[in-house]
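Trainee: Please give me a close look at a single part of this model. Then show me how its surroundings are put together.

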Amino acid sequence: MMPIVTVFGGNAVETGNAEYQEAHELGRLLAQAGYTVATGGYYGTMEAISRGAKEAGAHVIGVTTAHFDNRLGPNQWVDEEIKFPTLFQRLHYLVTFSDALVALRGGVGTLSEVALSWSLIQVAEMPSKPLVLIGPHWQQIVETFHRESTVKERDWALLSFAADVREVVLTVEAMSKEKLNLPHT
């Protein structure tokens with residue numbers, strides 16, 4: 001089975017804008033690198049990632065919730081929908097079932113996905129895995145939090161940053177090799 005990368009991102013991004021194009025490119029790059037791609041399954045960046053991955057030949061998983069059934073359905077690029085009754089169950093599955101986690105810009109949901117992922121890795125509730133935050137906005141958020149928090153340095157080291165989507169695949173692969181103690185190519 002292909003390794004799975006879960007990508008977090010916002011629902012409010014419109015088709016065709018720069019953030020949509022960036023997410024589409026990320027989906028394509030992950031697919032070309034041989035990953036199965038998972039998202040929250042809905043629209044905005046989730047759709048763009050799914051579309052880019054599907055167009056490049058990857059299997060696309062959408063993790064959805066019955067909580068949104070009255071107003072949302074999975075985007076058309078999803079091959080496999082995994083639906084949970086509650087938002088909390090969906091969130092837990094999204095952050096725990098994959099081999100790597102990547103975050104684009106998003107809203108409160110994306111922030112909660114990143115925070116839960118980081119926390120579960122920190123306390124070893126789930127196996128250590130790459131957690132890559134894309135873009136300068138994440139760097140600013142985390143730096144601000146770093147200045148104002150009591151988080152230990154070893155826990156800051158659990159996060160990785162990528163300036164743009166082109167760095168993500170390299171970062172995920174390098175971190176996966178480090179985890180497995182494999183030689184870098």
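Mentor: A helix here is a DSSP run of H or I, at least four residues long, numbered from the N terminus. Bear in mind that the model is predicted. Our part is helix 4, residues 108-122.

Start with its geometry. Helix 4 has 15 residues. From first C-alpha to last it reaches 21 Å, close to the 21 Å expected at 1.5 Å a residue. Ala124 follows helix 4, and its phi is positive, near 60°.

Next, burial. Which residues of helix 4 are buried? They are Thr110, Glu113, Val114, Ser117, Trp118, Leu120 and Ile121. An α-helix has 3.6 residues a turn, so residues three or four places apart point the same way. Keep that in mind when you read the list.

What do the buried residues of helix 4 pack against? The partners are strand 1, strand 5 and strand 6, together with helix 3 (87-96), helix 5 (136-148) and helix 6 (153-156).

Follow strand 1 from there. Strand 1 covers residues 4-8 and pairs with strand 2 in the parallel sense, over three bridges. Val5 sits opposite Val37 of strand 2. With helix 1 (residues 18-32) between them in the naming, strand 1 and strand 2 form a right-handed β-α-β unit. A right-handed crossover also takes the chain from strand 2 through helix 2 (residues 45-55) to strand 3. Strand 3 (residues 60-65) runs parallel to strand 2, joined by three bridges. There, Val60 is the bridge partner of Val37.

Strand 2 has two faces. Thr36 and Ala38 point one way, Val37 and Thr39 the other, and all are buried. In a regular strand the side chains alternate between the two faces of the sheet.

Now the packing. The largest nonpolar core has 28 residues, and Val7, Leu26, Leu30, Val102, Leu104, Ile134 and Val168 have the most contacts inside it. Strand 1, strand 5 (100-103) and strand 6 (131-134) each supply at least two of its residues, as do helix 1, helix 2 and helix 7 (168-180). Helix 1 gives the most, with six residues. A second, separate core has 24 residues, including Ile4, Ala38, Leu101 and Trp138.

Look last at Val7. Leaving out residues up to four places away in sequence, Val7 touches Leu26, Leu30, Ala38, Thr39, Ile49, Val102 and Leu104. In soluble globular proteins, nonpolar side chains tend to be buried together.

Notes: Residues are numbered from 1 along each chain as its sequence is written. This is a predicted model: local features need pLDDT of at least 70, side-chain atom pairs count only at pLDDT 80 or more; totals for chains, interfaces and linings use all residues. Side-chain values use heavy atoms; hydrogens and water are left out. Buried means under 20% relative accessible area, exposed over 50%, partly exposed in between (1.4 Å probe, protein chains only). Two strands pair if DSSP finds at least two bridges between them. A crossover is right-handed if, with the strands pointing away from the viewer, the path from the first strand over the helix to the second runs clockwise. A nonpolar core is a set of buried Ala, Val, Leu, Ile, Met, Phe, Trp, Tyr and Cys residues joined through side-chain atoms within 4.5 Å. Contact means heavy atoms within 4.5 Å. The expected span of a helix is 1.5 Å times one less than its number of residues.
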